[in-house]
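Biologist: Could you take me on a close look at the place where the two chains meet? I would like one connected walk through that part, and then a sense of the chains on either side.

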Amino acid sequence: MNDISEKRRRPVSGRARIPLDGFGFILPSLILFAAVFAVPIGYVVMFSFQTDEGASLDGYRWILDSNLFGRVLWTSVQIALLATLVSVILGYLLALFLYRLSPRKRAVGLAFVLFPFWTSILVKSYSLTVLLGREGVVNSTLGWFLGYNPELPLIFNRIGVLIGMSNHLVPFVVFPVLANLLAQDRNLGQAAAIMGASPFTIFRRVTLPLSTPAILAATLMCLIISFGFFVTPALLGGRTDVMLANLIDLFTRETLNWTVASAIAVVLLTASIVLVLALSRLTGQQKAV
Amino acid sequence: MGKRSSPSRRGIAEWLFLLLIGGIYVFLTLPSVLTIPISLGGSRSVTFPPTEFSLDLYRRFFASPVWTGSLVESLIVGAATAVLATLIGAFAAYGLARGNFIGQKLIGAILLSPILVPSIVIALGVYFYFSQMKLIGTTTGLVLAHSILTIPYVIVVLLSGLRQLDQKIETAAGIMGASPLRVFTHVVVPQLRYSLASAFLFAFLISFDETVISWFIAGTHATTLPVVMYGSLKVEVAPEIAAAATMLSLTSITIILCYAIFQKQEKSAA
């Protein structure tokens, strides 16, 4: 590999940085990204503005006129917000629990968060279909207590999607919140305790306010991931739980309307970029403090 | 105020908190491990808890050319992706960590952005693009697309590895006349071997589990295990899925354990 950086010699100086920019090291990845990431996204944007007859705004006109799009967008927003809310609450509690453990126990506790994090979403979705069905584990366990199977409708509806998505998102909350809690100055809590504050008061007045940036970051992260979700709504949702990603799939494979599929993808991408920019501003502020 | 009465109340609160945490842990981990007992329960009834012990589902899995073919394809794509992503990602991480060039921050953000762009958007774009390049349904196409998705993770793992290295050694090698590339291959890579191994394994795992992009571009010739699983889960749940899911789970467990071992090794080596 004949790098640019190799051709220019490094001046003999004590500087730790690679003086000749080191751009050559980046180059292979940039070429790959241009070819397999930038160009494809360019295709999506381009296709959203053209039909078979040439340039057109039909895709976006459809988005503005169609009831279907409005409904799916509203469903996506609702599901994303609810799944995020549930995940942030559960993830925060888990992070709080891990924070109070000794480092050794914390590593074990964290391993049981990492394991589902690295498990395929298909595996989790499949298990949930076994757990949540009318004859599933949850219903039959409840039936064992109640004496009859309540046949709660837990799957192929909104509840199934929310359970599946929260299950996937909780680790994304645990990691940033735990990092924040561990970085907090323990003296503050101790000072509050000395002055007579109860553990709950310390949590409410010291720990929780100090962890708001992490909560906000985790919220944005969950929204980014859940808004574009594809697998869970398709496998655990019902007919009315179609999200934007599923609509894109529908228009690409069934309806074969690439213009509309691309226009929806551009809307989704724009929403994600806005959320990502909010996230990067937030984390930038945190670093500045 | 009320300090005397609080310990018992606090005890109850603490107990409730732990109960809640236990519940969250069950909710979080049960779906990831449940497939293992299901897969060993035999094919007559796919239920939990299993009523009998049998390897029947695995026999059926390995007797089916669709399932085994997809498993082999997944292994090939995963391995090739891991090689490509680790190689390119290692260069990129080193350039980002030690370089000094225009737009460094922006380039770093671009290289990490596939984590935050919805997979469906990448999938759609790659589908259009590969249709024209005749890469739909090819192993090459899958490896290229998966590499884009895994390189960010490789870079993150390696950047944290690079932060722990003593830069003075690299500077010394440079002073003694080693070119940056030689410093990288002879000084940095050997020290970074545990991080590189972790990055390789995670790249393999991400590729091995990847569903959305593969669903769009795998075609009929290069279907991966997740694509067959997703297709089957969408229509009618084939019993072999339990066996396939267990293989995915066991791959995750193995890779996390290896990662833990590497981290320990790295610590004891430092």
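Modeller: Chain A brings 71 residues to the contact, and chain B brings 72 residues. Please keep in mind as we go that this is a predicted model. On the side of chain A that touches chain B, the largest share belongs to helix 2 (residues 23-48) of chain A, with 16 residues. Sorted by class, that side of chain A holds 50 nonpolar, 15 polar and 6 charged residues.

Now let us zoom in on one pair of helices across the contact. Two packed helices are described by the angle between their axes and the distance between the axes. Helix 6 (residues 121-132) of chain A packs with helix 12 (residues 225-234) of chain B, the axes lying 10 Å apart at an angle of about 25°. Angles under 35 degrees count as roughly parallel, so helix 6 of chain A is roughly parallel to helix 12 of chain B. The crossing of these two, helix 6 of chain A and helix 12 of chain B, is left-handed.

Which residues of helix 6 of chain A and helix 12 of chain B meet? From helix 6 of chain A come A:L122, A:S125 and A:Y126, and from helix 12 of chain B come B:P226, B:M229, B:Y230 and B:L233. By class, the residues of this contact between helix 6 of chain A and helix 12 of chain B are 6 nonpolar, 1 polar and no charged.

The axes of helix 8 (residues 167-175) of chain B and helix 9 (residues 180-191) of chain B come within 10 Å, and they cross at roughly 140°. This angle makes helix 8 of chain B oblique to helix 9 of chain B. For helix 8 and helix 9 of chain B, the crossing is right-handed. On the helix 8 side of chain B you will find B:I169, B:E170, B:A173 and B:G174, which meet B:V183, B:V187 and B:V188 in helix 9 of chain B. The residues of the contact of helix 8 with helix 9 of chain B are 5 nonpolar, 1 polar and 1 charged.

Stepping back, here is chain A as a whole. Chain A has 14 helices and 2 strands. Its radius of gyration is 24 Å, well over the 19 Å that the globule rule gives for 289 residues, so chain A is more spread out than a compact globule. Along the principal axes, the C-alpha atoms of chain A fill a box of roughly 70 × 65 × 35 Å. Of the 289 residues in chain A, 42% are buried. If you take the contacts in chain A between residues at least 6 apart in sequence, 68% of them join residues at least 24 apart.

The box filled by the C-alpha atoms of chain B is roughly 75 × 70 × 35 Å along the principal axes. Buried residues account for 46% of the 270 residues in chain B. For contacts in chain B with a separation of 6 or more, 74% are between residues 24 or more positions apart.

In chain A, A:E151 sits in the loop between helix 7 (137-146) and helix 8 (158-183). A:E151 is not a glycine, although its phi is positive, at about 45°. A:E151 counts as partly exposed because it has 14 C-beta neighbours inside 10 Å. A:L256 lies in the loop between helix 13 (244-254) and helix 14 (258-288) of chain A. Phi of A:L256 is also positive in a residue other than glycine, near 55°. With 9 C-beta neighbours inside 10 Å, A:L256 counts as exposed.

In chain B, look for B:K134 in the loop between helix 6 (119-133) and helix 7 (139-163). B:K134 counts as exposed because it has 9 C-beta neighbours inside 10 Å. B:K134 and B:L124 are 10 residues apart along the chain, and 15 Å separates their C-alpha atoms.

Note on methods:
Residues are numbered from 1 along each chain as its sequence is written. Chains are lettered from A and ligands numbered from 1 in the order in which they are written. This is a predicted model: local features need pLDDT of at least 70, side-chain atom pairs count only at pLDDT 80 or more; totals for chains, interfaces and linings use all residues. Helices (H or I, at least four residues) and strands (E, at least two) are DSSP runs, numbered from the N terminus. The radius of gyration is taken over C-alpha atoms; the globule rule is 2.2 Å times the number of residues to the power 0.38. A residue is buried if 20 or more other C-beta atoms lie within 10 Å of its own, exposed if 12 or fewer, and partly exposed in between; C-beta atoms are placed from the backbone. Two residues are in contact if their C-beta atoms, placed from the backbone, lie within 7 Å. Axes are lines fitted to C-alpha atoms, for helices over the stretch in contact, and angles run from 0 to 180 degrees between N-to-C directions. Angles under 35 degrees count as roughly parallel, over 145 as roughly antiparallel, 65 to 115 as roughly perpendicular and the rest as oblique. A crossing is left-handed if the near helix is turned anticlockwise from the far one by less than a right angle, and right-handed if clockwise. Ala, Val, Leu, Ile, Met, Phe, Trp, Tyr, Cys and Pro count as nonpolar, Asp, Glu, Lys and Arg as charged, and the others, Gly among them, as polar.
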